[in-house]
Amino acid sequence: MKLYEFQAKELFAGAGIPIPRGTMVTDADGAAEAARDLGRCVVKAQAHAGGRGKAGFIKLAETPEEAKQYSAGMLGQTFKGFVITRLLIEEAVDVAAEYYLAITMDRASKSPVMICSAAGGVDIEDVSASTPEKIVNLPVDVAFGPFDYELRDLSERAALDPKASRQFVDVAKKLYRTFVDSDASLAEINPLMILKDGRMIAADAKFDVDDNALFRHQDLLQYKEEAEEDPIEAEAHRQDVTYVRLGGDIGILGNGAGIVMGTLDMVTREGGRPANFLDIGGGASAAKVKQSLDIILMDPNVKGILINVFGGITRGDEVAKGVIEATSGMDLKVPIVVRMAGTRAEEGLKLLEGSKLVPEPDPILAARKVIALSKGA
Amino acid sequence: MGILVGKDTRLVVQGITGREGSSHARQMLDYGTPLVAGVTPGRGGSTFEGKVPVFDSVAEAVEKEGVNTSIIYVPPPFAGDAIVESAAAGIALVICITEGVPVLDTSRAIKYINEKGGTRLIGPNCPGVMTPGEAKVGIMPASIFQRGNVGVVSRSGTLTYEVVDLVTKAGLGVSTCVGIGGDPIIGTTFVDILKMFADDEQTEAVLMIGEIGGTDEETAAAYIKAEFKKPIFGFISGRSAPPGKRMGHAGAIISGTMGTPEAKMAAFKDAGVPVADTLADMVQLAKNR
């Protein structure tokens, strides 16, 4: 689950990490009012994507009138597929230096890792591509958290201003504490600013929470609905269904991330365009299959659906029952091809016989069939 | 022979009285897996299927039944602790099937295992390990397996079954099939398994099914290039997935240019590993080797 900048900053402020003064607003009048209070300010569109500045979605306003004008220009606009409905109005600050600080889970060391660079304020992936030596890492012992001396060393290796070292250690420890306490998968401050008066502040914030850990974070659930953008993805996540919208016209449903990814590859390879990624997971019940189909069919572009199930935990007959139940009461406008193998697959395919569904045991033939049927063939 | 599980396995099921745990325990017993104990806290003293003793703790199962392998079906909030309990009891091989374990819990459990030593973790979020004809320690459908000389290692569950099914239909068989798990942080990686396959006499060729994200495939490719001598064939899943949808921002920084399907395929090619376009093609390559 991704948090917006303003939500992440709420978390940071609660942890004692310095942030600029600011307010979240949802209309231009609110922006003007905030600007009257803050003085010279920055209008920042809230979206789950980077590169806002370059695209004109972060602007410096000298007056409340300008803040209002810029806000009106951003609200309702689309940035990288996200409709802007919220703005963060923040005090403008005098910048001396811009650093980068992030924590994420590192697959290689199997632990959290801190990433730091003196080259902040720009897209860190560009820094990684052009001058990777400017980015330094610290794998953190998950039993203890980072020690002060390790963080001082990190600051030195990243070539941060030595005068800022004490503040850096303080911010980094608080960021780590927030990361662990909220079960984050990413906590990023870019830029981590040094102001002309020497203070260090988190000028931007990115924060992703591990969805697997949401069960123990009732406090963060308030952000859940607000964090979604695509209406179908939002509905899927509300119902606890793993769904990603991909923009094509062949709906895909499978049991397990691997088989769904494999099915997307297969459909793409055969010349089709997948509409979505949907993993019903292991042990999916009839009700869950029905729910998944309903979600896929919320997308009006879907012209055909391919269900690909290989039975391990998930039993073929259960899936078949789910598909029949889901479709029996529906006025089905699109063809559904069902490919099944593994545990109780034969029973499942037998159940589908005589229904309006198209059973097909071979995965590649199933992909070809759904593409042909979706074109009205 | 095969690797990890076999005739010497003495298995305990953690969460044996739960819905998934009991259903799969029954299937493992039917297959002939040496399943000798179950654990469900509070249910000690009872028996499963009238013959398998159930204990309150893994330590008790070790003491009374001499178990050396555990398989975990407990729900996600308790899975991290279940891994640590097994390691603390001295279990040599812990296989965590549970999907949805908080990543920090896994990280902490692995930290514990590494400090203590003597335990290998497979998973979480994996289908388990199977040596056909000897032991099935997992959730894979046994009927699709034939005993043979092909080692299979994969990050996916269901995609692994596809491969095994194709292997069997091609008239080949499997030495051991290992699902290492689809989570970002897992106990055992491709390289660990490849080293075991290298030393296993039964395994003559290996099929490796990777997927997008992380750099385990690249690390494996470097190892294969340096010292893996057996024929090995690769497949990368998720090639059509749009960038940014599944891979975290900072994860891409650590990896630099690694992690994309293109990088993985390039690393395989550089290591001399043929990368197939479809699973069927990969199995065909293994057959024609």
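This is a predicted model: local features need pLDDT of at least 70, side-chain atom pairs count only at pLDDT 80 or more; totals for chains, interfaces and linings use all residues.
A residue is counted as buried if 20 or more other C-beta atoms lie within 10 Å of its own.

Helix α10 of chain A, residues 316–328, illustrates the definition. Buried residues in α10(A) are A:Gly316, A:Asp317, A:Glu318, A:Val319, A:Ala320, A:Lys321, A:Gly322, A:Val323 and A:Ala326. These buried residues pack against four elements of chain A, namely α9 (286–296), β17 (304–311), β18 (336–342) and α11 (345–352). The length of the helix was also examined.

Chain A as a whole contains 12 helices and 19 strands. The chain has 377 residues, of which 50% count as buried. Its C-alpha atoms fill a box of roughly 75 × 50 × 40 Å along the principal axes. Among the contacts in chain A with a separation of 6 or more, 69% are between residues 24 or more positions apart.

For chain B, the secondary structure consists of 10 helices and 13 strands. Of its 289 residues, 60% count as buried. The box filled by the C-alpha atoms of chain B, taken along the principal axes, is roughly 55 × 45 × 30 Å. A compact globule of 289 residues would have a radius of gyration near 19 Å; chain B has 19 Å, and therefore agrees with that expectation. Residues 24 or more positions apart make up 71% of the chain B contacts with a separation of 6 or more.

The largest nonpolar core has 209 residues, and A:Ile89 and B:Ile72 are those with the most contacts inside it. Beyond its neighbours within four places in sequence, A:Ile89 is in contact with residues including A:Gly22, A:Val25, A:Ala31, A:Leu38, A:Cys41, A:Val43 and A:Ala67.

An open sheet of six strands is found in chain B, with the order β9-β8-β11-β10-β12-β13 and mixed pairing. Its edge strands are β9 (135–138) and β13 (232–237), each of which pairs on one side only. Neighbouring strands of this sheet are turned against each other by 15 degrees on average, direction ignored. Strand β10 (residues 147–154) and strand β12 (residues 205–211) of chain B run parallel and are joined by five bridges. In this pair of strands, B:Gly151 stands opposite B:Val206 of β12(B). Helix α5 of chain B, residues 158–169, lies across β10, β11 (174–179), β12 and β13 of chain B. The helix runs at about 155 degrees to β10(B).

B:Val54 is located in strand β4, residues 52–55. B:Val54 is buried because 21 other C-beta atoms lie within 10 Å, where 20 or more are required. Leaving aside neighbours within four places in sequence, the contacts of B:Val54 include B:Ile16, B:Thr17, B:Gly38, B:Val39, B:Thr40, B:Arg43 and B:Phe48. By contrast, 36 Å separate the C-alpha atoms of B:Val54 and B:Ile209, which lie 155 residues apart along the chain.

Note on methods. Residues are numbered from 1 along each chain as its sequence is written. Chains are lettered from A and ligands numbered from 1 in the order in which they are written. Helices (H or I, at least four residues) and strands (E, at least two) are DSSP runs, numbered from the N terminus. A residue is buried if 20 or more other C-beta atoms lie within 10 Å of its own, exposed if 12 or fewer, and partly exposed in between; C-beta atoms are placed from the backbone. Two residues are in contact if their C-beta atoms, placed from the backbone, lie within 7 Å. The radius of gyration is taken over C-alpha atoms; the globule rule is 2.2 Å times the number of residues to the power 0.38. A nonpolar core is a set of buried Ala, Val, Leu, Ile, Met, Phe, Trp, Tyr and Cys residues joined through C-beta atoms within 7 Å. Two strands pair if DSSP finds at least two bridges between them. Axes are lines fitted to C-alpha atoms, for helices over the stretch in contact, and angles run from 0 to 180 degrees between N-to-C directions.
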